[in-house]
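Let's take a walk through this one together, chain by chain and then down to a few single residues. Have the model open beside you as you read.

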Amino acid sequence: MQPYLISLLIFTPLLAALAALLMPAETKTSFRILTLAVNIFQLLVLVIMLRSWDAAAGLQFVEQKDWITLNMGSWGTLQAQYLVGVDGLGLPLVALSVVVMLIATMASWTVYKNVKGYFTLLLILNAAVIGSFTALDFLLFYLFFEFMLLPMFFLIAIWGGPRREYASIKFFLYTLLGSILILIAMIGLYTSVHNPNTTGHLVHTFSLLHMSDANNFISNSIFDPNNVRMIGPWNAREWAFLFLFIGFAIKLPMVPLHTWLPDAHVEAPTPISVILAAVLLKIGGYGLARIAFPIFPEAALHFSSFVAVMGVISIAYGALNAMAAKDLKKLIAYSSVSHMGFVLLGLASVTPEGVTGAVYQMFSHGVISAMLFVIAGVLYDRTHDRTINNYSGLSGRMPAYTVMVLIAFFASLGLPGFSGFIAEIMIFLGAFKAPSANGLLHEAFAIIATSGLVLGAAYYLWTMQRMFFGPFNLKGGIPAESIYDLDKREYGMLIPLGVLALLFGIYPQPLVDIIDPFARNFTEAVLNTGRNLGATLNP
Amino acid sequence: MADTALLYNPTTLQTFALLTLLLPLLSFGIGALISERYAWAVTLCAPFLVLLSLISAIVVAATQWGLGTLPVAIPWFTVYGYTFSAGFMLNATSVCMLVIVSLVSFLVHVYSTGYMAGDAAGKRYFTMLGFFTFAMQGIVLADNLLSIFVFWELVGFASCTLIGHWKDKPQAIVAAKKAFLLNRVGDAGFMVGLMLVWSNTGTFGLQDMALALADQPVGGWQTAAALCIFCGVAGKSAQFPLFTWLPDAMEGPTPVSALIHAATMVAAGIFLLARMSFIFTPAALDVVAITGILTAVVAALAALSQHDIKKILAYSTISQLGLMVAAAGTGAFGVALLHLVTHAFFKACLFLSAGSVIHAVHQGQHQAHKSFDVQDMRNLGGLRKRLPFTYITFILSGSALAGIPFFSGFLSKEAIFSALIGWADNGWRWLVVVAAFGVSFLTVLYTYRMIRGIFAGDETVTADLAIAEPPVIMRAPVALLAGASVWFVFALNPFVCHGWFLQYPELPPHHTALTIFSTLWVLLALGAAGYIFRSRNPFESALLRNTFYLDSYYEKYIVRPVLAVSGVTNRFDYKWLDGMIHATAYGQVTVAHFVAWFDRVIIDGMVNGAAGLARSTGRFTRSFQGGKIQLYIFWAVLTIIIFLIWTLV
Amino acid sequence: MLPVHHLLYLGALLFTTGLMITIIKRNAIMVLLGLELMLNAANLNLIAFNQQTPGSPDGQMFALFVIVVAVSEVAVGLAIVLRVYRYFQTAVPDEIRELKD
């Protein structure tokens, strides 16, 4: 049973989706229960994985099966495998996905239109997401990566708000553009990397593990570190890194490639916003940490200041835009942009604290933004109006909701005691230490990033002041009867998320234990390999 | 102290320290999780738990007495081989502060049971009060800078929720937001200080840091780190320019003001200065001193023209904090701590007494169904006959504030002056000394004005109200605190500050001349006050009352530009970034249209052209079969002739 | 004796005229007339060349033949023209285009 846990996680939702397609469309409840059952099953599998997790063992639960092997004679053999596994980077994100999918299913309970299609798409999305976080073969990863786009497109386009067609097409095409750039890099890598385990015959492989080892590059291939060609201002490897970086940065999202996010979030229905913010954005960070940085470390070091600056810009720009937002969901969307800027800063610092902080931030932001979007959904479900200025004094009628909002907002702005603080402080420490520890970046980046702390407090507190406190008043034609406190389902969604955020703020050791080995390996690999390759390229 | 040495058992110490810290947290937990029906239980439970916490604090203090620094190691989490600690560092300073925090918190809890009786949200109040106590004790006990930062922010959070307790009052919420935000600005600086410390010493533990720094030469980074940490101090302890939240924080209930904004939270900054004293280079200390004295002067001036009694006390707090910071700036951290302790008692007493006045007049107001601002001094006056007990406590603690001999405030102010004089060895430093004396003069003035305004003269608006002293449960804490404002709590000799409390090696030398001078100075100030405030207040000035319009400057030059910038980025995002995307989308559609045109006209055109060519060729050849007989004949004949000519020629 | 080329020129002239009439004239009967002319021109040629070879009467015999054929052909032709005229109500060949493609 043990080795097949990841396949269980991926294929259970797919099979359930198939089953859902075969079920008649009239029975709405059965789809909900099916999806919930799948989610609970995934949760159980996750618990088993966590219990047998060995922090020091690196990649675990690895499954390797031959998938596509095409012998092309003198051009070698094309080999793509079904290669999945988790390590310190993947496990927190897989755990996050499982939990968030469960929350999303609970939030989807009130979907009434075309329930069959909705839950089928949700299950496919579930499988694709977990597949993306566990795939170690680039083609497999790309497959799952693309697989996420289509369900999301339909989910937003059919069940979304007034401007859903615009938002869904924008989301789809924009992220597809990123995928194309990743594809280009992938093809280049495919032609440049060979499988060292097969002697004699040349086997081109898509395996990320082989790609991360600089010795596996075929000589005189396009990405051969010993023989790169210059294309314009950068060499081919740096171009590949840039393509990968931009492709994943669109998903992150990084300013200025972020404009799809506010529209997608505002128009998407609540459960989809939750999944988008909590899980899909993390694929960007995951891709950078798994693919872009380890495969082209010298390019990563070369561009680290650029990446850090873009991170800092995202932090400040996202926060400023959040302050000017009039729609609650747009505010939360921009705050997501701001928080993911921290991830970029942490990764760019290539220090253990910074990288640990970046992965921690991905997990923490996943939990907290899920909570935030559920909160936005609670209000929207009641009044179908998200305009902040239309509300005042909600705390009188919705006291429990106000407490939840307080928890979510303060967790998001990085109050100590919540997981966001742990993540941010590690990123700050790493980013500030980087100039003296490994010669990257500049202290000013971390100093400017602290403005994110102040701005975050500013827009969240201002929103709380406007919406929840003061005298009770509703504008914009919202009927007062629509304001009632949380029901059991909403409690069931918000309380676990709040508990998670609090738990990993007070007792971070378990999560840090999982991430730490990965962060160390990552830092060493990128710094050492990067410096060696950099030396060969620029003697 | 051999007896106490025997008492030292590490596990006992750890247990009691943990109890002191966690009992208020338990009070918070009970208040948070219990339903509204049992709110009365929380009102009973909270003071009791804090009392237990006080007792544990006393045990801890007794155990530590005379034993130097005792560590309690509690690991938090480990990253890359470094273990962040959540442990405690117990030395004389911390156990002293621990006892004081617990004591004042307990007294405020007891007082609040009377003051907040009948408040609909009493449960929430005591819950957050317990959380605040927990966080404050966390700061006091912490042995590393990260823990201090964590509890620092939590204290800010608790303060924010307590200021905004009456959440339906818009001004209260605005004040709460302002408090948290200004604290956050300070905390951002604090965070930079943390980063500097981390990257230069690789550790956050206070003792490890002190050791590491003792070896290192004094470098530029230390001044930068010290100043950044001072940023956090300026935010929390309301120094210039981050003090504007404190007067607004008076929107909260008065006991909250007493606990948080007089005795404990604002004192946390001074405490941090003392804890991190080893990192402060002379240059940093100069900045600290200047900031402190500037704050003291500005706040004292502002206090002179306030009408609201709580605002007078708030500005007075800011001013006294400025003096403490100035003292710290001279390097005499122990002196700053002494003033912190004396100030904690007499200021808490002043606030609680003011709370008694407000409470009493409010009750009278309720019964008579009148409404006027009870906190405005212009409505009060002549209350000495109605509230004699409160009058006495006001006088006692007010005298301590003013620095009148035989009171605790005199001792600590003495210490500050001697420290300042000892430090003043060149030009500008004497200015600081002069300013300090000026501040003490002004302190007497505004204290006199306040007491006179509330109690002297005749009653005006309150004349026909039924005003009585508050119940015993409110008077007892006030009495205790008033008692602590008298000199013998701190030193046997009312004129010399070297008592059982001040045990630091950096004892400022005692000059009799200074004592005599300061006594005379205070008496002069008293006389001047009596003379100046006979009739109207000559310091009535909108400029002073609005603190030189500092708030408006902030609003105009910081808040509005930031909002404007955020509007600009929003428009940029919408018009330009999104615009570029839309432009590419339109461009792509245009290109698609062009390609369609090309496809339709040129490529398809070629295909159609080929077909047309075939058609015209066919038409041409078909024309030969016109059905006209004579044409047939003609063509036949022509062809034959051509053929003949061709073959025969 | 007449020089032969005189007769040949006359014959050519007649033939050309007959061809012109056949092609240009708008009446079917005129076409027949033209045909007659061409045939007679051919007769002339025959006689002309027969004059060159006085021994054999081939030319004159052939000319007689041609006249008889011409007469019968005209008879049949006229009959056809009459039938056509009765059917199409017109004797103009250009207007009879049933065979047009």
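Among contacts in chain C between residues at least 6 apart in sequence, what percentage join residues at least 24 apart? The answer is 55%. Keep in mind that this is a predicted model.

Let's stay with chain C for a moment. Its secondary structure is simple to describe: 3 helices and 0 strands, running α-α-α from the N terminus on. The radius of gyration is 17 Å, well over the 13 Å that the globule rule gives for 101 residues, so chain C is more spread out than a compact globule. You can see that in the C-alpha trace too, which spans about 50 × 25 × 20 Å along its principal axes. As for burial, 29% of the 101 residues of chain C count as buried. The chain exposes about 6,900 Å², and carbon and sulfur atoms supply 71% of that.

A compact globule of 539 residues would have a radius of gyration near 24 Å, and chain A, with 23 Å, agrees with that. Its C-alpha atoms fill a box of roughly 75 × 55 × 45 Å along the principal axes. Buried residues make up 67% of chain A. If you take the contacts in chain A between residues at least 6 apart in sequence, 78% join residues at least 24 apart. Chain A exposes about 17,200 Å², with 67% of it coming from carbon and sulfur atoms. Here there are 27 positive and 27 negative charges, and their mean positions sit 9 Å apart.

How do the chains meet? Of the 2 pairs of chains that touch, A and B have the most contacts. In that pair, 45 residues of chain B are in contact with 54 residues of chain A. Together the two chains bury about 4,500 Å², 74% of it on carbon and sulfur atoms. Tyr80(B), Arg184(B) and Met195(B) supply 15% of the area that chain B buries against chain A, more than any other three residues. Chains A and C, on the other hand, do not touch, and their nearest C-alpha atoms are 58 Å apart.

Time to zoom in. Ser335(A) sits in helix H13 (residues 328-349) of chain A. Is Ser335(A) buried or exposed? Its relative accessibility is 1%, so Ser335(A) counts as buried. Beyond its neighbours within four places in sequence, Ser335(A) is in contact with Ala322(A), Ser412(A), Tyr459(A) and Tyr460(A).

Most residues other than glycine have a negative phi, and most peptide bonds are trans. Leu252(A) and Pro253(A), however, are joined by a cis peptide bond with omega about -15 degrees, and Pro253(A) is in the loop between helices H8 (236-251) and H9 (260-267) of chain A. Chain B has a cis bond from Phe240(B) to Pro241(B), with omega near 0 degrees.

Two residues to check for phi are Leu441(A) and Phe406(B). Leu441(A) has a phi near 55 degrees and lies in the loop between helices H16 (419-438) and H17 (443-449) of chain A. At 11% relative accessibility, Leu441(A) counts as buried. Phe406(B) has a phi of about 80 degrees, but at 39% relative accessibility it counts as partly exposed.

Conventions:
Residues are numbered from 1 along each chain as its sequence is written. Chains are lettered from A and ligands numbered from 1 in the order in which they are written. This is a predicted model: local features need pLDDT of at least 70, side-chain atom pairs count only at pLDDT 80 or more; totals for chains, interfaces and linings use all residues. Side-chain values use heavy atoms; hydrogens and water are left out. Helices (H or I, at least four residues) and strands (E, at least two) are DSSP runs, numbered from the N terminus. The radius of gyration is taken over C-alpha atoms; the globule rule is 2.2 Å times the number of residues to the power 0.38. Buried means under 20% relative accessible area, exposed over 50%, partly exposed in between (1.4 Å probe, protein chains only). Contact means heavy atoms within 4.5 Å. Accessible areas come from the Shrake-Rupley method with a 1.4 Å probe; for residues, only the protein chains shown count as cover. Buried area is the accessible area (1.4 Å probe) that two parts lose on being put together, summed over both. Lys and Arg count as positive and Asp and Glu as negative; His and the chain ends are not counted. The place of a charge is taken as NZ of Lys, CZ of Arg, CG of Asp or CD of Glu.
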